[in-house]
Structures are given as structure tokens and as C-alpha cells.
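Please look through the sequence and the model shown here before reading on. The paragraphs after them go from the parts of the chain to the places where those parts meet.

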Amino acid sequence: MAKTNLIAGLDIGSGKMTCIAAVRDEENNILQVVAGRSIPCRGLRASVVSDIQETSSAVRHLLNSIERESGHDIGLLSVGLRGAHLESFSNHGTYNISRMDKEITQEDMALAIENAKSMPIKNDNEIVNVLTQGYAIDKQRGITNPEGMEGSLLEVDVHITTGSATHINNLRKAIERAGYQMDDKLYSLVPLADTVLTQEEKEIGALILDLGGETMSVGIYIDGILKFSRDIPYGCDLITSDLSRLLHTSRQNAKEIKEKYGVSFPSFLDEEGEIPVPSLDGRSTHNIKKSYVLDIIQPRVEELMEQVAHVVETSGYKDFPVVGVVTGGGSLMPGITDHCVNLLGLKEVRCGTVPHDMIAGDNAFFDPTYSTAMSLVVYAAGANGYESYVGSSYEKEPVLGKIGKWFKGLDIFGG
Ligand SMILES: Nc1ncnc2c1ncn2[C@@H]1O[C@H](COP(=O)(O)OP(=O)(O)O)[C@@H](O)[C@H]1O
Ligand SMILES: [Mg+2]
């Protein structure tokens, strides 16, 4: 049986990494998850490599086990970057069409994007991804695909993410030392926001919030396009630290208490019961009231939300998001959506994950802790409805070329 190449998405998270691997069943037009796993990695701090050896051995361990479990090799590895070193901003590019025929070609579009990319970026920074927001022809805005149309002046709006070349190279090195290669890199919020938010939400104005352990990522969509994205170097592990400190128990116990009993809003306190808390040395337990856990969690969640509110305020788009979607492990905390409504001034907030019509797989992979890795796979595969997006508005020629070639020679499910 011939080997099928996997499309893998690697989420470089907070002290851990998560991988989802899928194959594309072209006959039935579905993307099927064949393996997925998350493993701890001590070489990562807030999604940035702090120890190459540790990170490299975690990558090797994780990707080898995915290949073993599925019986297939990884053919394309798309890596999601995160961290406060990433900066996103919008820019504008123009291109004058001086030919006689004036019919806009893909090359003209690429040149307009090149123009938008030619702006000063910080020393030691490199461009991570360029997202095309929309075109204008002769000042007429709102054109999504100008190819084949006539015009003299082509303009394009882009959303560019840059990141520290040092951090990116360290990660690349760690992956290469593990025997793999980073075929594609993306600021992970970009595919996440695009797959988790519905088209209606993006149109009406939506905020996406990815609540991780050591980072929170914020994105704002207005009129269907991503206008703002930013990573905040704090996350829900702070709740764990508070519980550990105030309940005098280990971080591991505190994490378990948080995930099992934690709620962040009083209306979610179902019963006035007690929770057993193991002592630091593990030799005894003491009981505390559930409401005491809420008293510890609530102020910290409010503080995290205030950080998010501050970022939204300084984004310049404060008044635009109407609805919100939270994802990532922290979104599992009951009451979190109420905090978003109250502190971010949103009308409606839901918990979200990658929808089932974009990718098929075990229900476990639709848990919000997997949503980043899932969205990386959906993007890398150009799955269900994403061809047009990848092909026209998202600039990633090197990978597209690779996927194109690869799909032609791909033997799905062997033969
Ligand atoms: N059921 C749960 N309730 C509350 N918090 C949770 C739950 N499950 C996971 N978390 C928290 O989510 C955070 C991790 O988010 P996740 O998206 O999995 O990781 P990453 O930081 O790599 O993005 C941790 O702080 C973890 O304790
Ligand atoms: Mg996450």
C-alpha cells in the first residue's frame, strides 16, 4: 500500500505543543483528521522557544508519534506562530497599469501586494504572513478579485504580520533538528479567526479571543475582513498560579481544581459544596467551599478581560465588534462569555471551535484546545471553500505551489 502524505498543523503553545494531522479524501471532498495529540514542552515560554534542545526533542516525539499512529508520513507541516513578538498592521499598495489593454492580471495583483509590503519593518523582524483585505480599481473599492477586470490604477489593502526573525529561526532550527521542515508559517490567529468565525459574524463586526495558558490572541473582523490582530503575553495559567498560591497546593492540583470545579461567574456556581484540596506535600487534604474558588478566579478573569479591553481600545476599532467568539482551552471555563459581554461591551458571545463542515474527525478534536491546530490544517489543505481564499486573497505562493504539486501526485488512502 502506498503511503499517503499527511497535512499537519503544529500549534506552538504555552509550555506544550499540539499537532493535528489530516488527509484529504478528494473523492468525497473531505479533509479527514487521522491523528492528533498535545504534549508538554519545557522548551517553550509563551509560545517562544527558550530551549532548542527541549523543543526539538518534543517536536520529534510528537511528530514521530503522529506518523506512527496514522501509518503515514507528514507531507506538509504548517506551523502556527504566536507570541508578543508578533505585530500586525494594515497597509496599502498601488500599481499603475500602463499597458494598452488595461486588463488586470495576477501579476499586476502581485505587484500591488509587493508595493504594500515595501515598508520599513523593525530590525531583526521578518514578514510572517500577508493577508489581502480587498482591492480598489480606479478608486472604486470593495473589489475582491480584480483579475480580468479593466482599470488603470490598482490598489490593495493588506494585513501584514511581522515577527522576530531570531525567534522564528530558533523554532525553524528546533523543527529541522527533529528531522522535519517548517513548510509554512502563519500567525496562528489568522487561520483560527477565519475558520472559527462565521461569515455573518465577520460581516457584522466580530471579536475573536483565543484564551491560551500564557498568551491571549485578539482579532477584530469588520465588514468581512480582518482589521486587527494582537497577542497579549498573559493567559489562563495565571488563574492556576493564583489557586496554587492561595490554596497552598501544587500547580498540577490547582490546574485540576480549576478545570474540574472552576467557574468565573456567580450564576454558574451550581451548588454550595466543598472541594478537597491536597496539601503541597500531598500527605493530607483540606476542604474548601466552591464559592472560595470562584472568589479567587473571578478577579483574575476580570483582570485578563481588562487587558483585552485595553488592547481593543487602543486598536482604533473599539466600537466596531458587535459579537464575540472565544476559543482555546480557557474558553472552557464556565462564565467566561459573560465576562466578555460585560467587560468588552459585546452584544453576544459564544464559545467556538472549527466547524464540522470544514474537517471531519473524532469529536475530541473539536475541543477548543485543538482549534488552532485544526484551523492550521484546514488552511494548509485549502479545504472546503478555502481554495478561493487561499488562491486569491491569501498570499502564500510557495506553499500553494507545493500543495498543487503534491496533490497531483497524492495517493489518497493508498492503492
Ligand atoms: N476545562 C477547563 N476549564 C478551564 N480552563 C481550562 C480547561 N481546560 C483547559 N483550560 C486552560 O486553558 C489553558 C490552555 O489553553 P490551550 O489553548 O489548551 O493551550 P495554549 O496555551 O497552548 O493555547 C490552560 O490555562 C488550561 O488550564
Ligand atoms: Mg490554544
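This is a predicted model: local features need pLDDT of at least 70, side-chain atom pairs count only at pLDDT 80 or more; totals for chains, interfaces and linings use all residues.

Helices (H or I, at least four residues) and strands (E, at least two) are DSSP runs, numbered from the N terminus. Residues are numbered from 1 along each chain as its sequence is written, and chains are lettered from A and ligands numbered from 1 in the order in which they are written.

The domain assignment divides the protein chain into domain 1 (5-84 + 166-193 + 355-408) and domain 2 (197-352), with bounds that come from an automatic or database domain assignment. The centres of domain 1 and domain 2, taken over C-alpha atoms, are separated by 25 Å. Into their contact go 17 residues from domain 1 and 22 residues from domain 2, where two residues are in contact if their C-beta atoms, placed from the backbone, lie within 7 Å. On the side of domain 1 that touches domain 2, α4 (189-196) and α10 each supply at least two residues, and the largest share, four residues, comes from α4. The residues of that side divide into eight nonpolar, eight polar and one charged; here Ala, Val, Leu, Ile, Met, Phe, Trp, Tyr, Cys and Pro count as nonpolar, Asp, Glu, Lys and Arg as charged, and the others, Gly among them, as polar.

An open sheet is formed by five strands in the order β3-β2-β1-β6-β11, with mixed pairing; two strands pair if DSSP finds at least two bridges between them. Because β3 (30-40) and β11 (184-187) stand at the edges with a single partner strand each, one side of each is left without a neighbour in the sheet. From one strand to the next the twist averages 25°. Strand β1 (residues 5-12) pairs with strand β6 (residues 73-81) in the parallel sense over seven bridges, and the bridge partner of Leu-10 in β6 is Val-79.

Helix α10 packs on this sheet, touching β1, β2 (16-25), β3, β6 and β11, and its direction makes about 140° with that of β1; axes are lines fitted to C-alpha atoms, for helices over the stretch in contact, and angles run from 0 to 180 degrees between N-to-C directions. Eleven of the eleven residues of α10 (residues 371-381) are buried, including Met-374, Leu-376 and Tyr-379. A residue is buried if 20 or more other C-beta atoms lie within 10 Å of its own, exposed if 12 or fewer, and partly exposed in between, with C-beta atoms placed from the backbone.

Which residues come nearest to ligand 1? Of the 20 residues around ligand 1, they are Gly-13, Ser-14, Gly-212, Cys-236 and Gly-329, and a residue is near a molecule or strand if its C-beta atom, placed from the backbone, lies within 6 Å of it. The elements that give two or more residues to this shell are α6 (237-247) and α7 (251-261), and the largest share, three residues, comes from α7. The shell draws at least three residues from each of domain 1 and domain 2, and its residues divide into three nonpolar, eleven polar and six charged.

A last stop is Pro-276, placed in strand β15 (residues 274-278), which counts as exposed because it has 10 C-beta neighbours inside 10 Å. Leaving aside its neighbours within four places in sequence, Pro-276 is in contact with Thr-285 and Asn-287.
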